[in-house]
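Here are some notes for a colleague who is opening this structure without having seen it before. Please read the points below with the structure in view.

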Amino acid sequence: MHLNGGQPPFSNCSDLYDLIDCTRVGDIAWENFGVKYSGERPDHPLPWMDDVYNVWMRDPESVIGQIIDNPGFTRLMDLTPFREFETASNDSWEEADIIAEDPAMHGATLVPIILGSDKTTVSVATGQHDYYPLYLSVGNLHNTARRAHKNGVTLIAFLAMPKTTKEHAATPAFRKFRRRLFHRSLSKILERLKRYMSTWKVMRFSDGYFQRVIFSLGPYVTDYEEQVLLACIVRNWCVKCMARNKHLDDDALYRCREHTDILVEDIDTGVLWNEYGIIADLVVSCFLLLSPDLLHQIIKGTFKDHLVDWIEKYIHLRIAVVTPFAGLRCFPQGRNFKQWTGDDSKALMKVYIPAIEGHVPPEMARTVHAFLEFCYLVQQNIITEQSIGKIQEALDRFYQHRIVFMDEQVHIKAIKEPYRRSNRNQPLGQMLLINQCLDKLAAAWSNFMAQRNRAHNVIQLGAELHIPNITHLVSRFLFEQRHKDEATRVLLLNALESIYPQYDGKICVFNSASAMFYTPSDEFICSTPLWRNEDRNLTTTPMNGLEVVQILSFFSFHFQGNYYPCTAVHWYDHVRDEPDNDTGMWLVCPQFNQQHHRGISIIHVDSIYHAAQLIPVYRKHLVPPNLQPHHLYDSF
């Protein structure tokens, strides 16, 4: 409003909608086609045989062009494939080698197309409304771009969902039609890209330059039920090899098109179904493209449906009182909520081990520890040979310890929220329009590019944080910043306060801060003889020499022409020099001096290496039912 002379930028909602409608950036229109049964018809055709099934889609070529031309992805895109580890699959590296054999393709950029689909329900109580969205991304993008909700993953189609009565739903004819409808729809949606899988096309990239590109089909990410539909195999068989679900650890032959063709040609369909798990009426070759859905198969499947259900009776109150933390969801009612989302599971994973430690057998904590380590490793942006070794080691530990038991953000944004904004009367058209408007707004944002009343000076900040000696701490901070040479600082560290720079003027306090942390590959962390004017034992380096602090406040100020962004911190000491054996986590405790005063310092924000979440060591103590998260650190 300040930029508009105190007036709002839009007079009403129609004014806003008109601006969105006239925005041309990111405007890819929706179109549709119909699919109808064309097979053999009995004397009395079933109702589903006469229905026309509509598929709504957007031009995938235009969607790909919008992604690779997004200015926000300039530094988040690779134009040439590279290999982090050896693999036996036909990956982008090997495919680029094949393309390079044709001299006409030299200089072209390979753009692998990543697809994903998942049925979703938006309403149950007011009538079952199911949708079948298809998403697209490109393999050139870094995983961080796809996970940042910046339109790196785009909705390109709503697939048809044929329905019939319960009597006919399990008939072979209807099942065959469902499979053929699914594959025919995918073929129709992607047919515009087929031409440019054998010859190049010129497209503009996010850096403003034009490049030759050639498309290829990359991974298809989905859950097991849709992998079965894609691969045309019998349920309860592996989609990658010829093993049944109860024999996945046995050696089995990998599926391939050549072997499947030979089997279909020489063996009876009944034998194919029972002995090989192959559905002979539709043969496809996409086994290498199928990629597991980590959300449904690992996070929701193993973590939520198994581990949490086995242990849930122990942990409600411990989860409820965890202190708020950036990027961490609070669970005021514990784990007791009815409907789970993928974000719920991921948030619970962050606090789960400390919540169960001490209240369950150690082997149970070690099982969860190994599983969560596996989850985080497989979600890394880049998988290397070293990563694969760690993943296998975590998986082996999970299998070793599990004997003790004896025994969805894209959907919300693209499907569920648009549905809730509709009037529920034939909502699909409204959902398509909402998605189109959201895409235009996101694209326009990529192209365009209150602070509460807090302390205004050092004295006020000390009163707010209950730090009576804050002026001394600020002076010491300035002294250390001005004498960064190690030898000089150690020599003068115990000098009289009179030589410290004095500052008690204006400051700017920040209620929150965001940061991007880079992991160096060839850097060293050096220790010093003195740390906070005390000798340190240099024979051990807990947590790789890192210290843990609690941020009390971010603030900044100018002094003698220099800008100092800094923070007041409460130091935490290491309980021991190695992680806890059961949980694999480090133990720390708040630092207090002999007068029981907190160990507080002012440090530069550049001293912060990474964010860390602190969760109490509960042991066997019961959590009071009325304990609030903001009191947690003072109670344990």
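Predicted model: local features only at pLDDT ≥ 70, side-chain atom pairs only at ≥ 80, totals over all residues.

1. Setting aside residues up to four places away in sequence, F215 touches I64, V111, I113, L193, Y196, M197 and M203.

2. F215 belongs to the largest nonpolar core, which has 58 residues. Together with I64, L134 and I189, F215 is among those with the most contacts inside this core. The element that gives the most to the core is helix α7, residues 172-194, with eight residues. Another core lies apart from this one; it has 21 residues, including A455, Y503, F559 and C566.

3. I64, one of the residues touched by F215, is also one of the buried residues of helix α3. How many of the nine residues of α3 are buried? Eight are, so this helix, which covers residues 60-68, is largely enclosed by the rest of the structure. The buried residues of α3 are P60, E61, V63, I64, G65, Q66, I67 and I68.

4. Helix α18 covers residues 458-465, and its buried residues include V458, L461, G462 and L465. Viewed down the axis of α18, the buried residues fall within an arc of 100°, so they line one face of the helix. Among the elements that cover them are the helix α19 (470-482) and the strands β11 (508-510), β14 (548-559) and β15 (562-574).

5. Both ends of α18 deserve a look. After α18 comes H466, which has a positive phi near 60°.

6. How do α18 and α19 pack, and at what angle? The angle is about 120°, and the axes of the two helices are 9 Å apart. An angle of that value makes α18 oblique to α19. On the α18 side, V458, I459, L461 and G462 take part, and they meet I470, T471 and V474 of α19. V458, L461 and G462 are also among the buried residues of α18.

7. Most residues other than glycine have a negative phi. H466 is not a glycine, yet its phi is positive, at about 60°. This residue lies in the loop between α18 and α19. Is H466 buried or exposed? With a relative accessible area of 63%, H466 is exposed.

8. H596 is found in the loop between β16 and β17 (600-604). The relative accessible area of H596 is 67%, so this residue counts as exposed.

9. R397 sits in helix α15, which covers residues 385-401. Its relative accessible area of 17% is under the 20% cut-off, so R397 counts as buried. Which side chains does the side chain of R397 join through polar contacts? One is that of E373, at 2.7 Å. Another is that of E393, also at 2.7 Å. Leaving aside neighbours within four places in sequence, R397 is in contact with E373, H369 and A370.

10. D580 is in the loop between β15 and β16 (588-590). Although placed in a loop, D580 is buried, with a relative accessible area of 11%. The side chain of D580 reaches the backbone nitrogen of D582 at 3.1 Å. Beyond neighbours within four places in sequence, D580 is in contact with M585, L587 and R619.

11. C241 is in the loop between α8 (224-231) and α9 (257-266). At 11% relative accessibility, C241 counts as buried. Ten residues along the chain from C241 is D251, and the C-alpha atoms of the two are separated by 9.1 Å. With neighbours within four places in sequence left out, the contacts of C241 are A252, L253, Y254 and R255.

Key: Residues numbered from 1 in each chain as written. Heavy atoms only, no water. Core = buried A, V, L, I, M, F, W, Y, C linked by side-chain atoms within 4.5 Å. Buried < 20%, exposed > 50% of the residue type's maximum accessible area, 1.4 Å probe, protein only. Helix = DSSP H or I, 4+ residues; strand = E, 2+ residues; numbered from the N terminus. Contact = heavy atoms within 4.5 Å. Arc of directions from axis to C-beta. Axes fitted to C-alpha atoms, helices over the stretch in contact; angles between N-to-C directions. Parallel < 35°, antiparallel > 145°, perpendicular 65-115°, else oblique. Polar contact = N/O pair within 3.5 Å; in protein donor to acceptor, adjacent residues only side chain to side chain.
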